[in-house]
Amino acid sequence: MRPDFLRVLLLSSACVLSACPVPAPTPSEPDAGTPPADAGTGSSGDVARSSRNSLRILNPEQLTAHFSAALSLPPEQVCNELGRYACTTNVHNVVLNGVDPYVVGLFEPLKTTGATTPNVIDRVALAACARRVSLDVSTPGEAVLFKGLELDAQGRLAHREGTPVRDAITSLYQRTLLRDPSETEVGTLSQLAAQIEASDSQTPGRDWMTMACFAVLSSAESIFF
């Protein structure tokens, strides 16, 4: 038996027999299990902002599964480059904090988010939303998100403030963020339809469906955990 190992073993045994006290954490080594003094609610009753934020972006597999579940799409239909290669787990795998041990020899995710990561996430979210809208519009009887939305002769939403629009927004938030939207969020997405109609869009109603889906699916609340 090595002498240094024997010393450690004897010291550990002596501490157990004499009930050596565990030293308290020093200021330079805070106790990770103790909440900070500012935790809890403020004087107004609102939840105080956490001083230990540790947001992490979804990796390629998680992002695919999240978008797939939120929009009821098979994973292989979420996003494909050139119609063949999965955007998340194949083409943009490394940019989305994935690993690639066999091709580029990357065994651990990058330490920092890549400069093109936001663009890739937007690309994936837009492709997934466009696919969901295409399915809902072409087969309205089997629509998942945008049910009962009527379009006028110009392709605009017939009733921007109607129940079907509110229901679509609510369903989008519930399926993507697992919560109900606030009145402000509902109002913001409803007004988005007017902004799209004021543009040169040839299909404003359909474009609204795509962009409303994209706004929620690509939000920070959606892609971070």
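In which kind of crossing does helix 4 pass helix 7?

1. The crossing of helix 4 past helix 7 is right-handed (the near helix is turned clockwise from the far one by less than a right angle). The model is predicted, with local features needing pLDDT of at least 70 and side-chain atom pairs pLDDT 80 or more, while totals for chains, interfaces and linings use all residues. Residues are numbered from 1 along each chain as its sequence is written, and side-chain values use heavy atoms, without hydrogens and water.

2. Helix 4 (residues 117-138) packs against helix 7 (residues 204-217) at about 140°, the axes being 9 Å apart. By class, the contact has 12 nonpolar, 2 polar and 2 charged residues.

3. The whole structure holds 1 aromatic pair (ring centres within 6.5 Å). The ring centres of F146 and W208 are 6.1 Å apart and the planes are at 70°, so the pair is edge-to-face (over 60 degrees). F146 is in the loop between helix 4 and helix 5 (163-177) and W208 is in helix 7, 62 residues apart. Both F146 and W208 are buried (under 20% relative accessible area).

4. Most residues other than glycine have a negative phi. L178, not a glycine, has a positive phi of about 60°. L178 sits in the loop between helix 5 and helix 6 (183-197) and is exposed, at 73% relative accessible area (exposed is over 50%).

Key
Axes are lines fitted to C-alpha atoms, for helices over the stretch in contact, and angles run from 0 to 180 degrees between N-to-C directions. Helices (H or I, at least four residues) and strands (E, at least two) are DSSP runs, numbered from the N terminus. Ala, Val, Leu, Ile, Met, Phe, Trp, Tyr, Cys and Pro count as nonpolar, Asp, Glu, Lys and Arg as charged, and the others, Gly among them, as polar. Rings of Phe, Tyr and Trp (its six-membered ring) pair if their centres lie within 6.5 Å; planes under 30 degrees apart count as stacked, over 60 as edge-to-face and the rest as tilted. Buried means under 20% relative accessible area, exposed over 50%, partly exposed in between (1.4 Å probe, protein chains only).
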